Amino acid sequence: MTKEINETKVIESPWDLTTYQWKIESDALSLFVKGLKDKKILGRKCPKCGTVYVPGPTYCRKCFIDIDQIVEVGQEGVLDAFTVNLSDIKGNPLEHPYITCTVKLDGSDSYLLGILEGWTDWKSVKEGMRVKAVFKDLTQGALSDLSHFELIK
Amino acid sequence: MKRNVAIISVGYNGRFVSKRPDINIPELIQPAVANAISKTKLKPEQIDAYVVGNMHTFEGVNQPHLWASDHFGGAGKPVMRIATGGTTGASVFQAAYYHVASGLYDVVMAIGWEKHDEGDAQVGLMGILLPEAFSMFNFGPDMSGERGIAGLGGGGSTGGAAFQAMSYLTKANAGIEHIDRIAALMRSNAAKNPYAHLQQPGCTEADIAKTPIISYPLRYGHTCPTSCGAIALILASEEKAKKFGITDRVAWVKGLGSGSSDAATGNIIEGQITDPAEQYMCKVVAKKVYAMAGIKDPKKEIQVAEVYSGFSHQDLMWPERLGLVDEGKSPEMLDKGAFAIDGELPLNPSGGVTSTNAIGASAMVRVGEAALQVMGLAEGGHQVPRKVENAVAHGWGGLFQFVTVTVLGRTPVKK
Amino acid sequence: MNERVAIVGYKQTKHTFDSPVARERMIYELVKALFAELGITRDDIDTFILASNDFTDGRTISEVFTVPRIGAYMKDETKVESDGLSAALYAYMRILSGLYETALVVGFSMAGSEFRAPLIQSYTLDPVYERPRGIINYYSIAALQANAYMRKYKFTEEDLAQLTVKNLENANNNPYAARKEENPSIDKVLGSKPLYLPIRQAHVSAYADGACAVILSSKKMAKKFTNKPVWIDGVGHFMDTYYIGDRDLLAMEHLSAAAKKAYKMAGIKNPKKEIDLAEIHTNFSSEEPVFAEAMGLFKPGSGKDVVKNGESRIDGALPINPSGGPLGANPINATGLIRLAEASAQLRNEAGKNQVKGAKTAVVHAQDGPGAQLNTVFVVRR
């Protein structure tokens, strides 16, 4: 039924994402960066189930209630899942591999994303190691204030 | 009294491939529909209703089933569209099940497809978080060099999957070599499936280990392709299954369920409170579905599993979360050959998603392949060589938080 | 299996053209308020069904962050990527099967502030023929249909304006409507900006930010929620062909078929007599006479008489869109569900200033696709 195709026409038609003007609920991030300015890590705790969310939204997804109890969590915590970035997006090996990790800070029920430093051989890094949050010297109330997590020796 | 529903036919449009520049979306779907019908005694007009779905942002056509109306037979018929991210195919199938189980319709077709060559999959995937990412720009993330980009989604181009893989390996005390091993099994299984995309007969662990690591512990060889293809399933009531099935071989839907839990990784907006390898919801849904299917000991009573793994480590993880294998024991099962097509728990005899991934179809392909196994109709050498009483089909999607589980069997659940 | 399913709770947002909150907060507040009103928690709901669309949400897998906001965290949920009434239809099927007893259906979009509806609707057109051709869009299809109706049945622009005014007056009395027009009049409608004649700006539905939540329950669980259940007695849905040239925009035979199926299931033999009101999903007021007639509510071609005699007014023989319909608020994915909520309010005598006296049986309609390619019809009764 299909006859020989001599020519394929390609018609371009973009899904233009600039046609949208999204509204974003930013309670969680606003609080988070406010804390970062003061070199603190802030989240919200649900008074009913006790879950500490960092960044902390103003509702608890488990209990389905509004929450606004602001808590500060510890600056040290446990290294959870992480990954070692060895190639770039095209597959070329990186000269300096880097580690992106998730960390559960003491007192938090949430895993924060960040860069891991303080290691020399990535093969020796293991889940469960203790880390500490490291801030930039000069903070401005931005996500970049939280520079990285560092392995505690 | 609940109504028994069976899958009486599975149809593909052909082999899944990277590109089909010679056809458009409706033309991709049509052969799958025709193929499914040809394996029954049905005339196209005898299909009572259709349920369709794909991830339409990947092609940039909103609700393409509207355009494809004449090509799949939906013009003049009841049609419903379902879409739930990676689990779309399974959600579409489950909706088709309810069309029949409700008593409103007797013969319903479920169709899933994707035509990845018509869009940029990376753009589509980025689109999941784009507004949130934009909002983060307002909060001053570090955009300098690679560190900044990593701060947004983590894990390079594998996204959160690399985290999940690392966490799984830690929990299971396994190594990257296990991921290499199971990836090789999938590609060589795919070589026995005439419809699979990436077929590598005799693929070995060494072949996979040659591919570069993107983000440890995931290599290129561990990631799914983007494929073009379509699948159609025909579901029928007990009476119509007898009337329209060609043989008495059908796959009864014994249990099904879905669940949504935490967006894990990428949920920098509202707090990520689970480790991505926990997948608690998968355990909950699987338990519920087994109970519905009358299965007391899934380890003994399930003969085949088709699980949805976008990345090879998930082929180790899902059997554990689905209760088919004890926690942390998949590497052992793999090493002793239990997951092979002729093993004690054949896993993805079709080659799985790491061999073929047309997103809107993939979760339905798991159901379709499980059905073929139950019916003994899998072609090309990937039919498991034993009687399949029960098979489980699993789907996964979103930011690691959506899950679907379906159990199919040779006989319906006793009422 | 369950034999009867009812609407046991419903709520809609005060729709706006620019919501003060993001979609997540909007649907969270709505569902919370509905639960509070009924004295239930999210554990009383067996399954959650969303009606939303990646294209209207402007993100892939748009439900990633909205699922927990409707109470479905760690729950059974799915998404119908179509109109809200289709989602209610799916919930109905789930309960009929006997595998679930209760369902929450939530439809929403930010069609007022986050995107321009016509632009997003254009993505529904196929990229091979209609999109590059650039002639067909939702507006021009409505214009073709309106022209055909007006020419065949001598329905004039004044008649259409009068019908539009009827809806705008109803919307003014509807506390949830986004569009409020001071002293709507035929002259104002006739003087509004022409788009694709006879379609003018005044005829276009009010694309808005909004959401609607409806709870369905099996008969045996209904008492837990309400002592005023609204029974779903009939359903029908059909899809037409895509190509406009192959469709009869006046006959709307697939809408007709959907309505007939719903009426048959509900045991309705004479809809004109047995239906007390209709809530119809019109994207343009010109669709109203066409759809109402296709649904057997008025004689074909009787539009002029219906308007002159006020038959479709709230105090008329067969009120159409006593809520004002989508002309008052059209949050796209929510609109079909809003029609169901409005009809339920009517049957429970909770429709305030828009109340149709003695309403016992209603027909509800929703459309999806260009020119109402897909139609869903429910018949509900008290």
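Q: Is the crossing of helix 4 of chain B and helix 3 of chain C left-handed or right-handed?
A: Helices (H or I, at least four residues) and strands (E, at least two) are DSSP runs, numbered from the N terminus. A crossing counts as left-handed if the near helix is turned anticlockwise from the far one by less than a right angle, and as right-handed if clockwise. For helix 4 of chain B and helix 3 of chain C, the crossing is left-handed.

Q: On what kind of model do these answers rest, and how are its parts numbered?
A: This is a predicted model, in which local features need pLDDT of at least 70 and side-chain atom pairs count only at pLDDT 80 or more, while totals for chains, interfaces and linings use all residues. Residues are numbered from 1 along each chain as its sequence is written, and chains are lettered from A and ligands numbered from 1 in the order in which they are written.

Q: At what angle do helix 4 of chain B and helix 3 of chain C pack?
A: Axes are lines fitted to C-alpha atoms, for helices over the stretch in contact, and angles run from 0 to 180 degrees between N-to-C directions. The axes of helix 4 (residues 88-101) of chain B and helix 3 of chain C lie 8 Å apart, and the two helices pack at an angle of about 60°. That makes helix 4 of chain B oblique to helix 3 of chain C, since angles under 35 degrees count as roughly parallel, over 145 as roughly antiparallel, 65 to 115 as roughly perpendicular and the rest as oblique. The angle asked for is about 60°.

Q: Which residues in helix 3 of chain C are met by helix 4 of chain B?
A: Two residues are in contact if their C-beta atoms, placed from the backbone, lie within 7 Å. From helix 4 of chain B come Ala95(B), Tyr98(B) and His99(B), and in helix 3 of chain C they meet Tyr90(C), Met93(C) and Arg94(C).

Q: Which element of chain C gives the most to the side that touches chain B?
A: Over the whole interface, 42 residues of chain C are in contact with 50 residues of chain B. Helix 2 (54-57), strand 3 (77-80), helix 3 (84-96) and strand 8 (230-239) of chain C each supply at least two residues of that side of chain C. The one that gives the most, with five residues, is helix 3 of chain C.

Q: How many residues of strand 4 of chain C are buried?
A: A residue is buried if 20 or more other C-beta atoms lie within 10 Å of its own, exposed if 12 or fewer, and partly exposed in between, with C-beta atoms placed from the backbone. Both faces of strand 4 of chain C are covered, with Leu104(C) among the buried residues on one side and Val105(C) among those on the other. Strand 4 (residues 102-110) of chain C is largely enclosed by the rest of the structure, because its buried residues number nine of the nine.

Q: What is the bridge partner of Gly107(C) in strand 7 of chain C?
A: Two strands pair if DSSP finds at least two bridges between them. Strand 2 (residues 47-51) of chain C runs parallel to strand 4 of chain C and is joined to it by five bridges, whereas strand 7 (residues 209-218) of chain C pairs with strand 4 of chain C in the antiparallel sense over nine bridges. In strand 7 of chain C, the partner of Gly107(C) is Cys212(C).
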